[in-house]
Every structure is written in structure tokens, then in C-alpha cells.
Amino acid sequence: MKIYVISSLKNPKVPHLGNRLRDLGYDVMDHWWGGGPEADDCWQEYERIRGRTYKEALYDHYATHIWEYDKRHLDTSDIGIMLLPVGRSAHIELGYLMGQGKPTFVLFDGEPERYEVMYRFATDVFFNQEDLLEELSKHI
């Protein structure tokens, strides 16, 4: 079973959750995190130096390559886990998996300061890793 970990390049918890899932026998897609916490910022600066707009950058070779890589792994994953805190694109990825009818889980990093009702679209939400892992065992 393949799990796509959805989060932020700046979230240091990503590889630790990935390792825990791998230890339990899951095939985990968290490789995107290896790009480093400044990857998107560097891409944006590079494109600005080139004088390109966001739209031009979004459809250029680099962005297309990254998008196709991520999409391929989203398409071949069985489950999605969104590990908060995240950026905006993480919610798009989670929604994409939901739209495919795949189980999706949200792992909060604590009680949220501001409640958001739309997290009910996820299969379930968790506030600690152990409860999430117990639920995942039911989806094998």
C-alpha cells in the first residue's frame, strides 16, 4: 500500500512520519521533501531574475517536471496523509486525492487555533500519530 505524505517543504516532521510508516511496511512517497525548505523560494527568485511572470513560470519545463512527478505519485498512491502545518498547495493535493475517492487523513500538530469545518471532507482527522497509525491498519 502506497501512502503519499502531503505537507510543507518547511515541515521538519515529514521524514520522521515517513520513516515510521516505512517501518510498518508501507510504501511512502515523501521524497519531495528532499528539495529543501527553500526550493520554492529559489524557483521563484530564479524566475523573477529571468523576468518571467508566475503564469509563465508555472508552465515552463521545471515546474512541469515537478508537477508531473508529484501528480504521478498522487495518482499511484492508495492513501493520502496531510501532515500539518502545510502550505496552500497541500490542500489542493488532498482535495485531488479525495476527488479520486481515496482515503485521506489529516494529522494536526495540535489543537488548531482556528477551527475549520471543511476538514470533515477528509476520511478522518487526528491529533497524534499513534491514533493515525491505528486507523491506517484498518485500511490494509
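Mentor: We shall discuss the sheet, then the aromatic rings, then the salt bridges. This is a predicted model, in which local features need pLDDT of at least 70, side-chain atom pairs count only at pLDDT 80 or more, and totals for chains, interfaces and linings use all residues. Residues are numbered from 1 along each chain as its sequence is written, and side-chain values use heavy atoms, with hydrogens and water left out.

Trainee: What is the order of the strands in the open sheet?

Mentor: The five strands run in the order β2-β1-β3-β4-β5, with parallel pairing. Strands, like helices, are DSSP runs numbered from the N terminus (E, at least two residues, for strands; H or I, at least four, for helices). Two strands pair if DSSP finds at least two bridges between them.

Trainee: Which strands stand at the edges?

Mentor: Those are β2 (27-29) and β5; each has a single partner strand, so one side of each is left without a neighbour in the sheet. The twist averages 25° from one strand to the next. Angles run from 0 to 180 degrees between N-to-C directions, and axes are lines fitted to C-alpha atoms, for helices over the stretch in contact.

Trainee: How many bridges join β1 and β2?

Mentor: Strand β1 (residues 2-6) pairs with β2 over three bridges, in the parallel sense. Tyr 4 stands opposite Met 29 in β2.

Trainee: Which strands does α6 touch?

Mentor: Helix α6 packs on the sheet and touches β1, β3 (79-83), β4 and β5, with its direction at about 165° to that of β4. Contact here means heavy atoms within 4.5 Å.

Trainee: Now the rings. How many aromatic pairs are there?

Mentor: The structure holds four aromatic pairs. One of them is Phe 105 with Phe 126, a tilted pair at 6.0 Å centre to centre and 45° between the planes. Phe 105 belongs to strand β4 (residues 104-107) and Phe 126 to strand β5 (residues 124-126), 21 residues apart.

Trainee: What are the cut-offs for a pair?

Mentor: Rings of Phe, Tyr and Trp (its six-membered ring) pair if their centres lie within 6.5 Å; planes under 30 degrees apart count as stacked, over 60 as edge-to-face and the rest as tilted.

Trainee: Is Phe 105 buried or exposed?

Mentor: Phe 105 is buried, at a relative accessible area of 0%, and Phe 126 is buried at 8%. Buried means under 20% relative accessible area, exposed over 50%, and partly exposed in between (1.4 Å probe, protein chains only).

Trainee: Why is the pair of Phe 108 and Phe 127 called stacked?

Mentor: Their ring centres are 4.9 Å apart and their planes lie at 15°, so the pair counts as stacked. Phe 108 is buried at 9%, whereas Phe 127 is partly exposed at 42%. Together with Tyr 119, Phe 108 and Phe 127 form one aromatic cluster.

Trainee: On to charges. How many salt bridges are there?

Mentor: The count comes to eleven salt bridges, each being a side-chain nitrogen of Lys or Arg within 4 Å of a carboxyl oxygen of Asp or Glu.

Trainee: Which side chains meet Lys 10 in salt bridges?

Mentor: Glu 38 meets Lys 10 at 3.9 Å, N to O, and Asp 41 meets Lys 10 at 3.3 Å. Lys 10 lies in the loop between β1 and α1 and Asp 41 in helix α2, so this second pair ties together parts that are 31 residues apart in sequence.

Trainee: Which residues are joined into one network?

Mentor: Glu 47, Arg 50, Arg 52 and Asp 60 are joined by salt bridges that share partners.
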